[in-house]
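This report goes through a few features of one protein model. Please look at the sequence and the structure first, then read on.

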Amino acid sequence: GKGQTWLGNNRALDLAVGGWSLNVVTYVQTGFPLAITQPNQNGILGASVQRPNLTGQSFNSVTGDKLFQWINPAAFSAVPSFAFGNAPRVIDYRMPGQDNVDLSLFKSFPIHERLKAQFRAEALNAFNTPMFGRPDTNFNTPNFGRVTTQRNFPRLIQLGIRIYF
């Protein structure tokens, strides 16, 4: 572009390839650990949270549909009244992780001596990647182990022109 080492004297080429800026914001995060509870049957004993028993099976879903069955319900069994479950506070299994990429592309160019313009193209969630919410962790409920929410928005593209004077 203009004033640069390569191809700095060609006005048409400067308008085409000079003044571009690319911005990328991304994050990748694993999911949080899950705490499995069951409807409280020990309120009389002063327990505010009831944990189920572990059966020894894997927490990972045995079906191929991870959203419909994120947590394997066969890994837990209900605790009878006046007893406490042996499940830990959080299990060694995590909710879905998060990853997102936001992109923006800017092209700045002069219009007149003190008048400049900038073309902007911005894409939030550029690759349209869904981020799913936490599965239902309340054992003995109809949706136990299911992911029923999405935590982000679909791709959003915004175009604009900005005038500087």
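In which sense do strand E6 and strand E7 pair, and over how many bridges? The model is a predicted one, and in it E6 (residues 98-110) and E7 (residues 116-124) pair in the antiparallel sense over 8 bridges. Within this pairing, Pro-110 stands opposite Lys-116 in E7.

Strands E6 and E7 belong to an open sheet of 4 strands, in the order E1-E6-E7-E8, with antiparallel pairing. Strands E1 and E8 are at the edges and have a single partner strand each, so one side of each has no neighbour in the sheet. From one strand to the next, the twist averages 10°.

| Edge strand | Residues | Partner strands |
|---|---|---|
| E1 | 20-29 | a single partner strand |
| E8 | 156-164 | a single partner strand |

The model has 1 salt bridge by the rule used here. Glu-122 forms a salt bridge with Arg-120, and their closest N and O atoms are 3.4 Å apart. Arg-120 has a relative accessibility of 22%. Buried would require under 20% and exposed over 50%, so Arg-120 counts as partly exposed.

The next topic is the nonpolar core. In soluble globular proteins, nonpolar side chains tend to be buried together. The largest nonpolar core here has 13 residues, and those that touch the most other members are Leu-34, Ile-36, Ile-71, Phe-76, Ile-91 and Tyr-93. Leaving aside neighbours within four places in sequence, Phe-76 is in contact with residues including Ile-36, Ile-71 and Ile-91. The contacts of Phe-76 also include Pro-52, Asn-53, Phe-139 and Phe-144.

Definitions and conventions: Residues are numbered from 1 along each chain as its sequence is written. This is a predicted model: local features need pLDDT of at least 70, side-chain atom pairs count only at pLDDT 80 or more; totals for chains, interfaces and linings use all residues. Side-chain values use heavy atoms; hydrogens and water are left out. Two strands pair if DSSP finds at least two bridges between them. Helices (H or I, at least four residues) and strands (E, at least two) are DSSP runs, numbered from the N terminus. Axes are lines fitted to C-alpha atoms, for helices over the stretch in contact, and angles run from 0 to 180 degrees between N-to-C directions. A salt bridge is a side-chain nitrogen of Lys or Arg within 4 Å of a carboxyl oxygen of Asp or Glu. Buried means under 20% relative accessible area, exposed over 50%, partly exposed in between (1.4 Å probe, protein chains only). A nonpolar core is a set of buried Ala, Val, Leu, Ile, Met, Phe, Trp, Tyr and Cys residues joined through side-chain atoms within 4.5 Å. Contact means heavy atoms within 4.5 Å.
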